[in-house]
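Q: Got a chain here to go through. Can we take it piece by piece?

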Amino acid sequence: MSVIIILLGASLLVAIFFLAAFIWSVRNGQFEDNFSPAHRMLFETKPNESTCSTGNACTNSNCKSRICQHN
């Protein structure tokens, strides 16, 4: 019978620990932005390409086709 009391006390300690961790995370802003992560991947901008398919450095800042004209 004393084992039940020990297990009950241990479970209460674990529950209090997780409640304290949840309150700490809410106060530190872990759950503030729940909108943008789902939409960020849809509107993500592509980084500028720095090399062409030939391996040469691309001087055109808007090199979307990966076809650069080098002299």
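Q: Where is Ile-23 found?
A: Ile-23 sits in helix H1. Helices here are DSSP runs of H or I with at least four residues, strands are runs of E with at least two, and both are numbered from the N terminus. This is a predicted model: local features need pLDDT of at least 70, side-chain atom pairs count only at pLDDT 80 or more, and totals for chains, interfaces and linings use all residues. Residues are numbered from 1 along each chain as its sequence is written, and side-chain values use heavy atoms, with hydrogens and water left out.

Q: Is Ile-23 buried, partly exposed or exposed?
A: Ile-23 counts as partly exposed, because its relative accessibility is 39%. Buried means under 20% relative accessible area, exposed means over 50%, and partly exposed is in between (1.4 Å probe, protein chains only).

Q: And Ser-25, buried or exposed?
A: Ser-25 is buried, at a relative accessible area of 11%. Ser-25 is in helix H1 too.

Q: What does the side chain of Ser-25 reach?
A: The backbone oxygen of Phe-22, at 2.8 Å.

Q: Which residues does Ser-25 contact, leaving aside neighbours within four places in sequence?
A: Gln-30 and Phe-31. Contact means heavy atoms within 4.5 Å.

Q: What happens just after H1?
A: Gly-29 takes a positive phi of about 85°.

Q: Back to H1. How many residues does the helix have, and how far does it reach?
A: H1 covers residues 2-27, which is 26 residues. From first C-alpha to last, H1 reaches 38 Å, close to the 38 Å expected. The expected span is 1.5 Å times one less than the number of residues.

Q: Why does H1 lie largely in the open?
A: Because the number of buried residues among its 26 is one.

Q: Now the whole chain. How many helices and strands?
A: Two helices and zero strands.

Q: What share of the protein chain is buried?
A: Buried residues make up 6% of the 71 residues.

Technical notes:
A polar contact is a pair of N or O atoms within 3.5 Å; within protein, one must be able to donate a hydrogen and the other to accept it, and residues adjacent in sequence count only if both atoms are side-chain atoms.
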